[in-house]
Amino acid sequence: MNENNQIDLFGEIIETKPGGKTSSRKKNNNLITIKWSFSRRNVFETCLRKYYYQYYAAKLEGAGSRVNFDSVKFLKGLSNQHLVSGKIIHNLIRLYLTKAKSGTELSLDWMKQRAKEKIQQSIDYSNALLLGKEIKFDYPPFVLQEVYVETNVIKDIYQEVEVKVFEALKNFMESAQFEQFRTAGKLAGSFVEKKFRIQLNDEVVITGEADLAYLYQDGFIICDWKTGKVDDGQDSMQLLTYTWWAIDQAGANKEKIKIYKAYLGENSLKEFSLSEREIFRNKLAIRQSAEAMLEMAQFGEAGDELAFTPCRQPKICSLCAFQKICK
Ligand code: SF4
């Protein structure tokens, strides 16, 4: 291997400049860097304009003393019904498992009540904000996107959210399929919502979060809570990042990693593993995705909104928090 080359975390040779630094893009003499994640990649692939708002525009916006409903910062903080139900379910499961680790067993009724309160607080808080009032909470509720896109059916929407959240919590707490995760998640050595970072090279850090992971006998189990419908969606890249973290940082044996997707709403469990070929393909895809993001980063840092093409797909736009400012 040439002395100016290095091997990256994919085990592949990358070219470096004499002196040991990877050849790189610069921003005012500083290296442009990105944090690659599966969710960031999804936004990048879905709509470039949304990607700009989400990852660059808010940073470039000046600080305002009052809530500005058209500011990118405010819109970026909005949560729609799907995000709200997903976040409530994930937060309550995390709370259940961490409390159980310290000896407190939360009941299903308690969790349902907490979910109900959170939804109601979020509706009240969002309506009050719209009227220029701010209600103080120790833990701020969600600011609901639907309140700001003039829909009159908030109550109906969030009644459905409540039903969905209750069903998912019930399945988590009572389904025999998920018993192994409830039991293992309470053990001291399990990882609950474990955030991880993998340094790919000077410019790219891969970030992710494993919902639940633990050593089991001589194997390693990773479980991802799913709150949507059962599908075999294109998320093998996400599974690869979990696998990668497990081998590199959590001491897992490469041959003995099992990944499960637990579909809480539909009480269904699917087991996944990645073949050597899939691992190779996904590593390549992550590299390409990170490279494409880096190419756009200089435009993002410079605030060049027009370099980011809007997708203009009605189905996608109807769920987008930035629809009011997107031109
Ligand atoms: S409204 Fe549509 S085109 Fe505009 S940023 Fe959102 S998803 Fe993209």
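Buried means under 20% relative accessible area, exposed over 50%, and partly exposed in between (1.4 Å probe, protein chains only). You're looking at a predicted model, where local features need pLDDT of at least 70, side-chain atom pairs count only at pLDDT 80 or more, and totals for chains, interfaces and linings use all residues. Residues are numbered from 1 along each chain as its sequence is written, and side-chain values use heavy atoms, with hydrogens and water left out.

Start by selecting Lys59. It counts as exposed because its relative accessibility is 62%. Lys59 belongs to helix α2, residues 48-60 (helices are DSSP runs of H or I, at least four residues, and strands are runs of E, at least two, numbered from the N terminus).

Now go to residues 219-226, strand β10. Eight of its eight residues are buried, so the strand is largely enclosed by the rest of the structure.

Click Ile221 in β10 and you'll find Tyr214 opposite. Then stop at the hairpin of β9 and β10: two residues lie between the strands, and Gln217 takes a positive phi near 50°.

Last, show β11, residues 257-263. This strand pairs with β10 in the parallel sense, over seven bridges. Which residue in β11 is the bridge partner of Ile221? Select Lys258, and there's your partner.

Note on methods:
Pairing = 2+ DSSP bridges.
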